[in-house]
Amino acid sequence: MPTTDAPLALGIIGAGIMGERLLNAIHGAPDSPVRVSAIWDPAPDALDRVAAAFPAVPRVADAAAVVAASGCVYVASPPASHLGYARAAITAGRSVFCEKPLAIDLTEARAFVAEAGTAGGVNFPFASSPGVAAIARWIEAGAIGTPRRLAIAVEFARWPRPWQEDAARWLDARDEGGFTREVVSHFLFLARRLLGPLHDIRGRVDFPEAGRSERAIDVTLTAGGLPVTLTGRVGATAADDHNTWTLEGDTGAVRLRDWAIAERRGPDGRFEPEPDAIPNERLRPITLRRQIEGVVRMARGEPHHLATFAEALAVQEAVEAILAL
């Protein structure tokens, strides 16, 4: 696809939390490289919220109208519907930027990735995170020496988190919800991208209530051959959401804390944040705008840093293996 300076026509399917976050990131930048060409959601109240906050964004009658109006389609609907919308967009010659997971059925996800090739990307924001970039720089500069082990820990006061109440029906369902799919997947993506393929998954998962998502995981695996410990708990913290991704080497350690804060372990054993580190609430729009820049490059057929369909499938394979323990 030829390079052009014209803004990319981006259509959005799904006017929930993620759709609204992307709209805020686009409209919060005076020189955004994309324009929102259309948005649709099957829930009228969701479209009403968009109309109130973004009155200039065209609201259309169905998903097909979004595809018709767009050069690239952002699929931000619940997971069970991802593949149907993504396939429709690719069949129509559009590129796709999709929320994870690709599908709730691994066989269908594998078939889709085989068909779709490089026609899209998946929204793993760590691909654009300044905090992750700092971690990667430190590792490359030898700050930890030879990597030895990785520890991933996630904790929640309750699940779903308070700001996800509108989506609680599917976010707390065993078939397509749970914190392993929704949150742990991001940290597995980071492990895979920085360290290598994910293998040797073992451990246990706690599903205390029939039909509802997990409440605890205790897992070991490898990432690029390095040992990884992964733990997750609901009800173990007063915080809505607390997480750490800690990589130790033979001469030091680095970690990403609470989605955004890059930290290095000092000689006294304490972790100190990067001087420019900012909390996730302030970092999120910056990261999203970097994701949008990647979407534009991807849609134009240029090299990009977004998570590919193949990367997203590899993460989904690991997530489903964990949930099947």
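Two strands are taken to pair if DSSP finds at least two bridges between them. Helices (H or I, at least four residues) and strands (E, at least two) are DSSP runs, numbered from the N terminus. The model shown is predicted, and local features need pLDDT of at least 70, side-chain atom pairs count only at pLDDT 80 or more, and totals for chains, interfaces and linings use all residues. Residues are numbered from 1 along each chain as its sequence is written, and side-chain values use heavy atoms, with hydrogens and water left out.

View 1. Six strands in the order E2-E1-E3-E4-E5-E14 form an open sheet of mixed pairing. Strand E2 (34-40) and strand E14 (307-308) stand at the edges with a single partner strand each, so one side of each is left without a neighbour in the sheet.

**View 2. Strand E3 between E1 and E4.** Strand E1 (residues 8-13) pairs with E3 in the parallel sense over four bridges. Strand E3 (residues 72-75) also pairs with strand E4 (residues 95-98), in the parallel sense and over four bridges. Tyr74 of E3 stands opposite Ile12 and also opposite Phe97 in E4. Cys72 faces Ser95 of E4 as its opposite residue. Cys72 and Tyr74 point one way from E3, whereas Val73 and Val75 point the other way, and all are buried. Buried means under 20% relative accessible area, exposed over 50%, and partly exposed in between (1.4 Å probe, protein chains only).

**View 3. Packing of helices H5 and H10.** Two packed helices are described by the angle between their axes and the distance between the axes. For helix H5 (residues 106-116) and helix H10 (residues 309-323), the axes come within 10 Å and cross at roughly 165 degrees. Axes are lines fitted to C-alpha atoms, for helices over the stretch in contact, and angles run from 0 to 180 degrees between N-to-C directions. H5 and H10 are therefore roughly antiparallel to each other, a term for angles over 145 degrees. The residues in contact (heavy atoms within 4.5 Å) are Leu106, Ala109, Arg110, Phe112, Val113 and Ala116 of H5 and Phe309, Ala310, Leu313, Gln316, Glu317 and Glu320 of H10. This set divides into eight nonpolar, one polar and three charged residues. Here Ala, Val, Leu, Ile, Met, Phe, Trp, Tyr, Cys and Pro count as nonpolar, Asp, Glu, Lys and Arg as charged, and the others, Gly among them, as polar.

**View 4. Two cis peptide bonds.** Most residues other than glycine have a negative phi, and most peptide bonds are trans. The bond from Lys100 to Pro101 is cis, with omega near -10 degrees, and Pro101 lies in the loop between E4 and H5. The bond from Trp159 to Pro160 is also cis, with omega near -5 degrees. Pro160 is placed in the loop between strand E6 (147-156) and helix H7 (168-171).

View 5. Asp200, in strand E7 (residues 198-206), has a positive phi of about 55 degrees although it is not a glycine. Asp200 is partly exposed at 45% relative accessibility. Trp259 has a phi near 75 degrees, also positive in a residue other than glycine. Trp259 occupies the loop between strand E11 (253-257) and strand E12 (261-265) and is buried, with a relative accessible area of 16%.

How values were computed
Parallel < 35°, antiparallel > 145°, perpendicular 65-115°, else oblique.
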